[in-house]
Amino acid sequence: MFSDKKNISNTFKILLMIGFGYFFWLMLKITLEYIPLRSDVSFLMIKQTEVTDRPEYLYFFYTHVYTSIFVLLTGFLAILRKDLGIKSFHKNTGKIYIFLILLFAAPSGIYMGIFANGGILSKISFVILGCLWWFSTFKAYQLAQQKKFKEHKQWMWRSFALTLSAVTLRMWKVIIVYLFHPNPMDVYQIIAWLGWIPNILLIEYLIAKKYI
């Protein structure tokens, strides 16, 4: 019985690594579109008003894009800390994860949220997402400093659930467009909320059931 549970756990971890590897590769491809620095590619093509009228917008945009890919990677690697068997690996990757979010990724994301497509509903969602992302990460850092590691772990999972909104948002966009073919601005309003709310609800359920 114990052997069966271990095999199931190992299989799940392998599938998790494969799944994350695939989506990380997709996110990396998106990031590489903005190297070298250009203001007329991909997402920026529909943000020319901000690019033209707000010189600082590109600085915040590139800060968010370039740091978020490392946030995604370090967050996932920290989850695999026990399997990698490297001393202090979790602590060091966690420091990088927290540092990048608190100083760069979340603040730049909040700024970008103010100018999000889809109207006021999208803007509110992305600003709330950015604020929750920053707060949950700061709370995890604070609890680690206090050596309250159980609570630290729970808040880190909340933070990473919000980090994964970069992936789930795009997944929902593909599904919604494929099934319903809505107006592009309507899509933004839907995925702005759908990209992160189910993630955090799932984590809260797992915490309540003491799986985390």
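This is a predicted model: local features need pLDDT of at least 70, side-chain atom pairs count only at pLDDT 80 or more; totals for chains, interfaces and linings use all residues.
Are tyrosine 57 and phenylalanine 115 buried or exposed? Hold that thought for a moment.

Okay, the answer: tyrosine 57 and phenylalanine 115 are both buried. And they go together as a pair. Their ring centres are 6.3 Å apart and their planes sit at 80 degrees, so we call this one edge-to-face. Now look at where the two partners come from. Tyrosine 57 belongs to helix H3, residues 56–79, while phenylalanine 115 is in the loop between helix H5 (89–114) and helix H6 (120–145), so this pair ties together parts that are 58 residues apart in sequence.

If you search the whole structure, you get 20 aromatic pairs.

Let me pick out another of those pairs, phenylalanine 20 with phenylalanine 24. Here the ring centres are 5.8 Å apart and the planes are at 20 degrees, so this pair is stacked. If you're wondering about the two numbers I keep quoting, a pair of aromatic rings is described by the distance of the centres and the angle of the planes. Both of these phenylalanines sit in helix H1, which covers residues 2–32, and because they are four residues apart there, about one helical turn separates them. Phenylalanine 20 has a relative accessibility of 13%, so it counts as buried. Phenylalanine 24 comes in at 16%, and it is buried too, since the cut-off is under 20%.

Staying with helix H1, have a look at threonine 31. What is its relative accessible area? It's 9%, so threonine 31 is buried. And which residues does it touch, if we skip its neighbours within four places in sequence? Those are Val65, Tyr66 and Ile69.

The peptide bond running from isoleucine 35 to proline 36 is cis, with omega near 0 degrees. You'll find proline 36 in the loop between H1 and helix H2, residues 48–53.

Now for the surface. Ile120, Leu121, Ile124, Ile128 and Leu132 make a nonpolar surface patch of about 410 Å². Take leucine 121 from that group: it lies in helix H6, and at 43% relative accessibility it counts as partly exposed.

Arginine 158 has its charged end over the ring of tryptophan 155, 4.4 Å from the ring centre.

Last stop, two loop residues. Lysine 147 is in the loop between H6 and helix H7 (149–163). Its phi is near 60 degrees, a positive value in a residue other than glycine. Histidine 181, in the loop between helix H8 (165–180) and helix H9 (184–194), also has a positive phi without being a glycine, near 50 degrees. So, buried or exposed, lysine 147? Exposed, with a relative accessible area of 62%. Histidine 181 counts as exposed as well, at 62%.

Methods
Residues are numbered from 1 along each chain as its sequence is written. Side-chain values use heavy atoms; hydrogens and water are left out. Rings of Phe, Tyr and Trp (its six-membered ring) pair if their centres lie within 6.5 Å; planes under 30 degrees apart count as stacked, over 60 as edge-to-face and the rest as tilted. Buried means under 20% relative accessible area, exposed over 50%, partly exposed in between (1.4 Å probe, protein chains only). A charge sits over a ring if NZ of Lys or CZ of Arg is within 6 Å of the ring centre and within 35 degrees of the ring normal. Contact means heavy atoms within 4.5 Å. Patches are made of residues with over 30% relative accessible area and no salt bridge: like charges are joined within 9 Å, nonpolar side chains (Val, Leu, Ile, Met, Phe, Trp, Tyr) within 5 Å. Accessible areas come from the Shrake-Rupley method with a 1.4 Å probe; for residues, only the protein chains shown count as cover. A salt bridge is a side-chain nitrogen of Lys or Arg within 4 Å of a carboxyl oxygen of Asp or Glu.
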